[in-house]
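Reader: I'd like to learn how to read a protein model feature by feature. Could you walk me through this one?

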Amino acid sequence: LVRYPKSNRIQYVIACEGQQCGDSVLSTRSQPKYFRRGFAMPLKYVPDKASICQIECEPGNGAQMVRAAGTSAKLLNKNGTKRGYGLIELQSKELRLFDLDCMCVLGRNSNIYHNKINWGKAGNRRKLGWRPYVHGTCMSAVDHPHGGGSKHKRTRPFRGGGRKTKWGQGLMGEKTRKVRKDRVP
């Protein structure tokens with residue numbers, strides 16, 4: 001929770017690892033005087049090999065990448081692969097180009113042990129509002145592309161071929177990424 005000093009406006013932001021209550025955070029589009037975890041700035045001012053998070057995909061769109069608990073990315077170089085773009089290694093080891101005017105936050109997202117929690121039983125998750133996962137083969141044909149029929153041992157549907165999500169997008173190795181993306185040549 002951040003309070004702006006001039007307007008006293010309150011806003012939620014994703015905390016970085018190591019931030020404490022009462023720390024000041026800076027968000028600027030110009031060159032910062034010094035660097036500290038939690039400061040937001042364009043990629044062109046971030047030093048090489050720095051750990052960053054909460055990256056914009058396009059300038060002005062807001063943080064869309066590397067927002068999950070405990071995640072971070074590494075800025076490998078700027079203007080090295082393509083002029084005006086920075087090469088970033090994501091958590092999945094994917095190399096991706098981002099515009100140098102895109103904003104990002106220095107450091108790593110907090111709550112790094114989020115995926116290590118043992119909930120014990122399904123009821124503990126239900127108390128937090130989580131709903132159970134239901135397989136597509138257990139649903140009716142109206143609810144899922146895999147649904148319907150009396151035999152549930154089929155691994156793929158009769159028509160349409162291949163496994164699909166509830167919304168008809170391919171699963172099990174089918175490429176879903178759009179062709180026209182800025183990639184490493």
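Reader: To begin, how many helices and strands does the protein chain have?

Author: The protein chain has 10 strands and one helix. Helices (H or I, at least four residues) and strands (E, at least two) are DSSP runs, numbered from the N terminus. Along the sequence they follow the pattern β-β-β-β-β-β-β-β-β-β-α. A word on the source: this is a predicted model, in which local features need pLDDT of at least 70 and side-chain atom pairs count only at pLDDT 80 or more, while totals for chains, interfaces and linings use all residues. Residues are numbered from 1 along each chain as its sequence is written, and side-chain values use heavy atoms, with hydrogens and water left out.

Reader: Which strands pair with β10?

Author: Two to look at are β3 and β4. β3 pairs with β10 in the antiparallel sense over three bridges, and Met-41 stands opposite Cys-104 in β10. β4 and β10 also run antiparallel, joined by two bridges, and here Ile-52 stands opposite Leu-106.

Reader: Is Leu-87 buried or exposed?

Author: The cut-offs come first: buried means under 20% relative accessible area, exposed over 50%, and partly exposed in between (1.4 Å probe, protein chains only). Leu-87 is buried because its relative accessible area is 8%. Lys-82, in the loop between β7 and β8, is at 35% and therefore counts as partly exposed. Over the whole chain of 185 residues, 26% count as buried.

Reader: What does a nonpolar core look like, and which residues of the largest one touch the most other members?

Author: A nonpolar core is a set of buried Ala, Val, Leu, Ile, Met, Phe, Trp, Tyr and Cys residues joined through side-chain atoms within 4.5 Å. The largest one here has 23 residues, of which Leu-43, Val-46, Ile-52, Ile-55 and Ile-88 touch the most other members. β3 (40-42), β4 (51-53), β7 (73-78) and β10 (103-106) each supply at least two residues of this core, and β10 gives the most, with four.

Reader: With which residues is Leu-43 in contact?

Author: Contact means heavy atoms within 4.5 Å. Leaving aside neighbours within four places in sequence, the contacts of Leu-43 include Ile-52, Leu-75, Ile-88, Phe-98 and Cys-104. Not counting residues up to four places away, Phe-39 touches Ser-24, Val-25, Leu-26, Tyr-34, Cys-104, Val-105 and Leu-106.

Reader: And pockets: what is the volume of the largest pocket?

Author: Rolling a probe the size of a water molecule over the atoms shows where empty space is left. On a 1 Å grid over the protein atoms alone, with a 1.4 Å probe, a pocket is an open set of points with protein on both sides within 12 Å along at least five of seven lines; lining residues have an atom within 4 Å of a point. Grid points are joined across faces, edges and corners, and a volume is the space filled by probe spheres set on the points. The largest pocket has a volume of about 880 Å³. It is lined by 30 residues, and those closest to its centre are Val-2, Val-13, Ile-14, Val-25 and Gly-38. The largest share of the lining, three residues, comes from β10.

Reader: Last one: where is Val-66, and what is its phi?

Author: Val-66 is in the loop between β6 (63-65) and β7, with a positive phi of about 55° although it is not a glycine. Asn-111, in the loop between β10 and α1 (122-126), likewise has a positive phi, near 65°.

Methods: Two strands pair if DSSP finds at least two bridges between them.
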